[in-house]
Amino acid sequence: RFDSPYRAEIAVGVLVAVIAATADVRGAIGFSSFAVLVYYAIANAAAWTLGARLIPAAGLIGCVVLAFALPPVAVVTGAAVVAVGAAVYVFRNR
């Protein structure tokens, strides 16, 4: 109806608002940082397939190093969320 995924936008907005209101902000920042670095690592891995290799390799390595330099709780939580998302993706596509 609105030509956008408005339900998903509302759901994410509510989830973020609840987390920001109830969680330790430093923990939320760590988790968010991990998620963004994973996203950029995937983008660099995808760029690797376009032909140029040096810059995507440097970006991928940098993202992985920075992601695992975050506080351990952020890394574990972020990795768990990524694993659940990957499992849901695999399950839905079978």
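The protein chain contains 4 helices and 0 strands. The model is predicted. Read from the N terminus, its elements follow the order α-α-α-α.

Overall dimensions were computed next. Along the principal axes, the C-alpha atoms of the protein chain occupy a box of roughly 40 × 35 × 25 Å. The radius of gyration of the protein chain is 16 Å. For a compact globule of 94 residues, a value near 12 Å would apply.

Surface and burial were then examined. The protein chain exposes about 7300 Å². Carbon and sulfur atoms contribute 74% of that area. Of the 94 residues in the protein chain, 13% are buried.

Among contacts in the protein chain with a separation of 6 or more, 56% join residues 24 or more positions apart.

One residue was considered individually. Asparagine 44 lies in helix H2, which spans residues 25–48. Is asparagine 44 buried or exposed? Its relative accessibility is 18%. Asparagine 44 therefore counts as buried, since the cut-off for burial is under 20% relative accessible area. Which residues does asparagine 44 contact, leaving aside neighbours within four places in sequence? The partners are Ile55, Pro56, Gly59, Leu60 and Cys63.

Notes. Residues are numbered from 1 along each chain as its sequence is written. This is a predicted model: local features need pLDDT of at least 70, side-chain atom pairs count only at pLDDT 80 or more; totals for chains, interfaces and linings use all residues. Side-chain values use heavy atoms; hydrogens and water are left out. Helices (H or I, at least four residues) and strands (E, at least two) are DSSP runs, numbered from the N terminus. Buried means under 20% relative accessible area, exposed over 50%, partly exposed in between (1.4 Å probe, protein chains only). Contact means heavy atoms within 4.5 Å. The radius of gyration is taken over C-alpha atoms; the globule rule is 2.2 Å times the number of residues to the power 0.38. Accessible areas come from the Shrake-Rupley method with a 1.4 Å probe; for residues, only the protein chains shown count as cover.
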